[in-house]
Amino acid sequence: MSREFAVDMRERHEQAIAEATADREFPLWIDGEARAAESGDTFATRDPAVDVEITTVPRGDAADVDAAVSAARTAFESEWGALDHTDRADRLLAWTDRLREHTDELARLESLDTGKPEAFAAAEIEEGIDYIEYYGHLLHGDTDERIPVGADTHAYNRKEPYGVAGLIVPWNYPVLLTSWKLGPALAAGNTVVLKPAESTPLTSTRLAQLADGILPDGTLNVVHGFGDEAGAALTNHPGVDKLSFTGEDATGELVMSAAAKNITPVTLELGGKSPFVVFPDADLAAAAETAAEGIFYNVGQSCDAFSRTLVHEDVHDAFLDRFVEAAASWTVGDPLEDGTMVGSLASEQQYEKVREYVDIGLASGAELVHGGEGIDGDGWFHEPTIFDGVDNDSRLAQEEVFGPVASVIEFADYEEAIALANDVDYGLASGVATEDVSLAHRAAADIDAGTVWVNDYARFAPGLAFGGFKRSGVGRECGAETLDEYRQNKSVVLNLD
Ligand code: NAD
């Protein structure tokens, strides 16, 4: 497909890159200061919309992780871990106030680094800041529980931070997913070593720089680098007391094995193959809009994407017409242009992966009913794509594409719908379209997934826990209980007699 973008897109991005990186570096951030990698090595991060280098960042490895863990340990023992709840909350809220003043700058960097529409990046960053704030506020109402053991005994549970938390995040929602971890990890009293994804290092550096003077030095450290270097060094480090990882399930296996060696508790947020079940009584126009948002938002690079659309046979044709119409309204364009709904895929590698799965879909006998092509040009854009008649056992239906590719699968009755919905290794999220409240609750109980959205997609809020069943992960983020993923209980029992 030929390029539909304005000819000045490349020029516009080069100018935006020059402005965003003028007088600014994106170093490692260790012990409250900018550092180069000890090796002196760097690597480039690129704007995928025009395939232009944005800047280079230090290529951290085991030596830098060591320095960061050591700084985090000192900060934990000397300051952050010893602060009382109110002081920690005040610092977190002062930090989020400062972050809010920089939303536009962060959104521009995020858009350039990921290829996502700038307006969407801004909304995600606001949301990320909300989560950090939420955990700050939670501290004010936090109590240690007294247990009524007997009149001669005073017994209570003390919740204590683990110490140094190692956080590893992917590239699809850099600020948002990092905030889901930083909020509870820091609020619980841990200090942090953060390893951002290698393809999106920019905003995490700014999050740490903007904490300067508010969080004590060494509280929030950032080490850029590759998964098998900096990432593996962090997960294997005996000085890390808690790990939290978001990424692919295959990487999650490596993280969990590394954690096992040191008996380090680990939270895993992994992949998904979420079903969106359209029952015959659904409002089909609304369901089609939801199905389209569910797979085309962020070019389908969402762990919770509605990548399988299960449709009752009686409404299949009527739904499909509306789904194709809704898909056409997801306009592909320059991420820096107002009104763009679909930006670039995040990298050439991701683009090639999507192309491969379109070929797999075609070879499987599924019918391509919308899109299906990459878009010629410098960047990594791809059309919103819909396959109909997909076999739930096919690779297209079972494997995470992480791109704008919907698979429509028909079902005949409720039992078949639930069986198909659950017939994947993953269990992160799901959706149901129906006007029948009883049916909605029944399906919500029967679907094996950490989240069930009814007539909705991706409605998140601080306090609503998010996480996966089955191979989609271990533990929950975003909820009040997430604080307890980052702290351990100590039972204190005083004999008063
Ligand atoms: P990835 O697993 O390749 O990388 C994620 C992070 O892990 C990166 O920072 C990477 O450098 C690091 N890493 C890679 N190898 C490592 C190793 N051996 N040891 C330690 N760290 C290592 O995943 P990705 O491609 O960046 O992200 C996409 C995946 O993330 C998808 O599977 C998606 O579903 C999942 N995801 C899940 C959620 C969720 O909340 N469940 C949210 C977003 C994305």
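In which strand is Thr 451 found? I looked it up: Thr 451 is in strand S19, residues 451-454. Strands here are DSSP runs of E with at least two residues, helices are runs of H or I with at least four, and both are numbered from the N terminus.

Ground rules before I go on. This is a predicted model, where local features need pLDDT of at least 70, side-chain atom pairs count only at pLDDT 80 or more, and totals for chains, interfaces and linings use all residues. Residues are numbered from 1 along each chain as its sequence is written, and side-chain values use heavy atoms, with hydrogens and water left out.

**Entry: Thr 451, continued**
Thr 451 is buried, at 12% relative accessible area. (Buried is under 20%, exposed is over 50%, partly exposed is in between, with a 1.4 Å probe and protein chains only.) I then asked what Thr 451 is in contact with, leaving aside neighbours within four places in sequence. I got Leu 428, Ala 429, Ser 430, Ala 465 and Phe 466, where contact means heavy atoms within 4.5 Å.

**Entry: aromatics**
Phe 466 turns up again in an aromatic cluster with Tyr 131, Trp 180, Phe 276, Phe 306, Trp 453, Tyr 457 and Phe 460. Phe 43 is buried at 8%, while Phe 226 is partly exposed at 24%. For the record, rings of Phe, Tyr and Trp (its six-membered ring) pair if their centres lie within 6.5 Å; planes under 30 degrees apart are stacked, over 60 edge-to-face, and the rest tilted.

**Entry: charges over rings**
I noted Arg 442 over the face of Tyr 414, at 3.8 Å from the ring centre. Lys 242 sits over the face of Tyr 486, at 5.4 Å. The rule wants NZ of Lys or CZ of Arg within 6 Å of the ring centre and within 35 degrees of the ring normal.

**Entry: domains**
The protein is split into domain 1 (3-270 + 473-490) and domain 2 (275-461), with bounds from an automatic or database domain assignment. Their centres, taken over C-alpha atoms, are 30 Å apart. The contact takes 32 residues from domain 1 and 34 residues from domain 2. How much area do they bury between them? About 2800 Å², 55% of it on carbon and sulfur atoms; this is the accessible area (1.4 Å probe) the two parts lose on being put together, summed over both. Three salt bridges cross the interface, each needing a side-chain nitrogen of Lys or Arg within 4 Å of a carboxyl oxygen of Asp or Glu.

Val 299 has a positive phi of about 50 degrees without being a glycine. Val 299 lies in the loop between helix H10 (284-296) and strand S13 (308-312), and is buried at 3%. Asp 51, another non-glycine, has a positive phi near 55 degrees. Asp 51 is in the loop between S3 and strand S4 (52-58), partly exposed at 25%.
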